[in-house]
Amino acid sequence: MRPGATEIDVDQNGFSRRSFLAMAMAAPLGMSALASCGTSGPGQARSGEASVWYLTGQPQEGLRKASVDAFNAAHPDGQLAATFFENDAYKTRIRTAVGANQAPTIIWTWGGGGLRDYVRNGQVDDLTEWFAQNPDVKSKRFETSFGAATIDGKIYAVPCEQVSPIVMFYNKQLFEQVGAQPPTTWDELMALVPVFNNAGIAPFSLAGQSRWTNMMWLEFLFDRQGGPEVFDAIAAGEPNAWSHPAAIAGLTKVQDLVRANGFVNGFQSIAADANADQALLHQGRAAMMLHGAWTYGSMKEEGGDFVPSGKLGWVPFPAIEGGAGDPSTGVGNPASFLALSSQASEEQKTIAREYFKSGLLTDADVDGWVASGAVPIVNGVDSKFSGPDAPFQQFVYDTATQARSWVHSWDQALLPGPADEMLNNIEQLFSLSISPEQFATNMNAVPSS
């Protein structure tokens, strides 16, 4: 989405793909249950079935449903019951369910700090030995996808779905209209802001209400300014790590962009779940958007001829003149992850493990992701890229495989408590109600665990 987030009150975006089936019916807190996979309530599976919670949003919801339906058709004696939630609702519901010992058998997660919290509380199973017994499952996937699933040297989740770096998207038609080129440096980016504003076009679309979308800017700015060690120190809980000079510089740069009217008016009232930020780009009301690769599929799905006609462009995040960071560094989600609840019965765990082995990243599953414009985390998948989506897919594949380092989304990398405080402070930073120094002071005071 996700896409940027730990399982907290932070939206992390779903992932990208082609259209399949929409959610069956709306339910409280953004939940939709699949009638064909009925449960006796969220997290409560009937005899002979295991439960899985997934995220809504097309086209990814259709692919997730297709994988469950295919698995159930092949395993009549061990069924999966799927329930779908919107991102923000999911993060609230999953934490509540896990804490109340009512977790689904299979927990969809972004890995990192949220998964670490589950591990620390004994709420998910160690899958290290299972992977050793099923080496083909591990060798099939990108090696880089396992970092966010590994806690203290042990694997606690199965990487699945797609790799989703954060990408600088732009509307080619609007750039042609003002006679500009996409920025390659931060100074070039700032110089474009008045160009588009004077033309009556918002320089950047941003769903600021969701907060994690704002965070993407800081992830890049910290890294481009100071390199990976800046956030590494923060994630390690080093004292005063948020006050690193490169961090203060990054915080200052984003406020410079806000003050210059770099973002669409009213950005703080726009939510990512509704894809309104994407609509601003493909409807020609904003020139650029920093967002997850998963939005390519959404814009292809919802944007009319915007993607098929070649009006969507993409470039890496600009370099910072004099910055210590490597411009090849990737930011975002190395995969999605499925963890196994330690609270599940052995019967449910058996079904879940079989799904992990034979129901994920099947040939049909991979073909569906590729058809949507996504890049599934399968070694050699680039051989399947063809047609109009191939240039974007190759860009994502190269970003993921050639990056010298990778920044896991902050709200996923941190534990839930610190991540929530960070998002609260990011909201204040973007509203200009606190200074970069106040932001750093506030975050330095937050316990790292």
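This is a predicted model: local features need pLDDT of at least 70, side-chain atom pairs count only at pLDDT 80 or more; totals for chains, interfaces and linings use all residues.
Local features were considered only at pLDDT of at least 70 and side-chain atom pairs only at pLDDT 80 or more, whereas totals for chains, interfaces and linings use all residues. Residues are numbered from 1 along each chain as its sequence is written, and side-chain values use heavy atoms, with hydrogens and water left out.

Empty space was examined first. Rolling a probe the size of a water molecule over the atoms shows where such space is left. The search used a 1 Å grid over the protein atoms alone; a pocket is an open set of points with protein on both sides within 12 Å along at least five of seven lines, a cavity is a set of points where a 1.4 Å probe fits but cannot get out, and lining residues have an atom within 4 Å of a point. Grid points are joined across faces, edges and corners, and a volume is the space filled by probe spheres set on the points.

The largest pocket holds about 580 Å³ of space. Its lining comprises 31 residues, and those nearest the centre of the pocket are Ala235, Ala236, Ala413, Leu414 and Leu415. By class, 19 of the lining residues are nonpolar, ten are polar and two are charged; here Ala, Val, Leu, Ile, Met, Phe, Trp, Tyr, Cys and Pro count as nonpolar, Asp, Glu, Lys and Arg as charged, and the others, Gly among them, as polar. Because domain 1 (50-161 + 335-379) and domain 2 (165-331 + 409-445) both give residues to the lining, the largest pocket lies between them. The domain bounds come from an automatic or database domain assignment.

Secondary structure was taken from DSSP runs numbered from the N terminus, with helices (H or I) of at least four residues and strands (E) of at least two. At least two lining residues of the largest pocket are supplied by each of helix 3 (112-120), strand 5 (150-151), helix 9 (229-235), strand 14 (406-408) and helix 18 (436-444). Helix 3 provides the largest share, three residues. Seven of the nine residues of helix 3 are buried, so this helix is largely enclosed by the rest of the structure. Buried denotes a relative accessible area under 20%, exposed one over 50% and partly exposed a value in between, calculated with a 1.4 Å probe on protein chains only. The buried residues of helix 3 are Gly112, Gly113, Gly114, Leu115, Asp117, Tyr118 and Val119. Glycine 122, which follows helix 3, has a positive phi near 65°.

The largest cavity contains about 60 Å³ of space. Eleven residues line the largest cavity, and Arg64, Ser67, Glu161, Asp365 and Trp369 are the closest to its centre. Helix 1 gives the most to this lining, with three residues, and the lining of the largest cavity has six nonpolar, one polar and four charged residues. The second largest cavity has a volume of about 40 Å³. This second cavity is lined by Glu219, Phe222, Asp223, Gly227, Pro228, Val230, Phe231, Val407 and Trp410, with the largest share, three residues, coming from helix 8.

In soluble globular proteins, nonpolar side chains tend to be buried together. A nonpolar core is defined as a set of buried Ala, Val, Leu, Ile, Met, Phe, Trp, Tyr and Cys residues joined through side-chain atoms within 4.5 Å. The largest nonpolar core has 73 residues, among which Tyr355 and Phe356 have the most contacts inside the core. Helix 15 (residues 390-402) gives the most to this core, with six residues. Domain 1 and domain 2 both contribute to this core, so it lies between them. With contact taken as heavy atoms within 4.5 Å, tyrosine 355 touches Tyr54, Ser67, Val68, Phe71, Leu80, Ile106, Leu338 and Leu360, not counting residues up to four places away in sequence. A second, separate core of 66 residues includes Leu206, Ala233, Leu257 and Val258.

Glutamine 58 and proline 59 are joined by a cis peptide bond with omega of about 10°, and proline 59 lies in the loop between strand 2 (49-55) and helix 1 (60-74). Arginine 211, a residue other than glycine, has a positive phi near 70°; this arginine lies in the loop between strand 9 (202-205) and helix 8 (212-226) and is buried, with a relative accessible area of 8%. Leucine 361 likewise has a positive phi, near 50°. The loop between helix 13 (346-358) and helix 14 (363-372) contains leucine 361, which is buried with a relative accessible area of 1%.
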